[in-house]
Amino acid sequence: MAGQVKPIPVPVILAAMGDEGALAAVVAHYQKYIRALATRPLKDEYGNTYLYVDEDMRLRLETKLIHSIVTGFKVLPV
């Protein structure tokens with residue numbers, strides 16, 4: 001199916017707690033999703049609407065992801 005992204009393996013996320021390379025891989029995996037969440041509409045003086053990525057929101061989301069991984073990411077049983 002189009003648009004489906006293969007989930008990142010749990011061992012990679014768990015390794016990200018202590019490995020800088022694994023942490024970068026996790027952040028890179030979620031980069032498109034974070035950019036989509038941080039996309040906002042903007043109107044110019046002529047009334048035209050544009051979409052742009054709010055960099056403050058993008059950085060906050062990335063920071064929250066990194067913080068969540070580093071400070072005790074737990075895998076919930078299914």
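**Close-up views of a predicted model**

Read along the sequence, the chain runs α-α-α-β-β-α. The model is predicted.

View 1. Of its 78 residues, 17% count as buried. The accessible surface comes to about 6,300 Å². Carbon and sulfur atoms account for 62% of that surface. Take the contacts between residues at least 6 apart in sequence: 39% of them join residues at least 24 apart.

**View 2. Helix H2 spans residues 20-29 and has a buried side.** Which residues of H2 are buried? They are Ala22, Leu23, Val26 and Val27. These four lie on the same side of H2, because they cover an arc of only 140 degrees around the axis. An α-helix has 3.6 residues a turn, so residues three or four places apart point the same way.

View 3. Now look at the face of H2 turned away from its buried side. That face carries Glu20 and Ala28, which are exposed.

**View 4. Tyr50 sits in strand S2, residues 49-53.** Tyr50 has 44% relative accessibility, so Tyr50 counts as partly exposed; the class lies between the cut-offs of 20% and 50%.

**View 5. Tyr50 makes contacts beyond its sequence neighbours.** Leaving aside residues within four places in sequence, Tyr50 is in contact with Arg40, Pro41, Leu42 and Asp44. Arg40 is ten residues from Tyr50 in sequence. In space, their C-alpha atoms are 8.3 Å apart. What joins the side chains of Tyr50 and Asp44? A polar contact of 3.4 Å does.

Methods: Residues numbered from 1 in each chain as written. Predicted model: local features only at pLDDT ≥ 70, side-chain atom pairs only at ≥ 80, totals over all residues. Heavy atoms only, no water. Buried < 20%, exposed > 50% of the residue type's maximum accessible area, 1.4 Å probe, protein only. Helix = DSSP H or I, 4+ residues; strand = E, 2+ residues; numbered from the N terminus. Arc of directions from axis to C-beta. Contact = heavy atoms within 4.5 Å. Polar contact = N/O pair within 3.5 Å; in protein donor to acceptor, adjacent residues only side chain to side chain. Areas by Shrake-Rupley, 256 points an atom, 1.4 Å probe, with all protein chains shown as cover.
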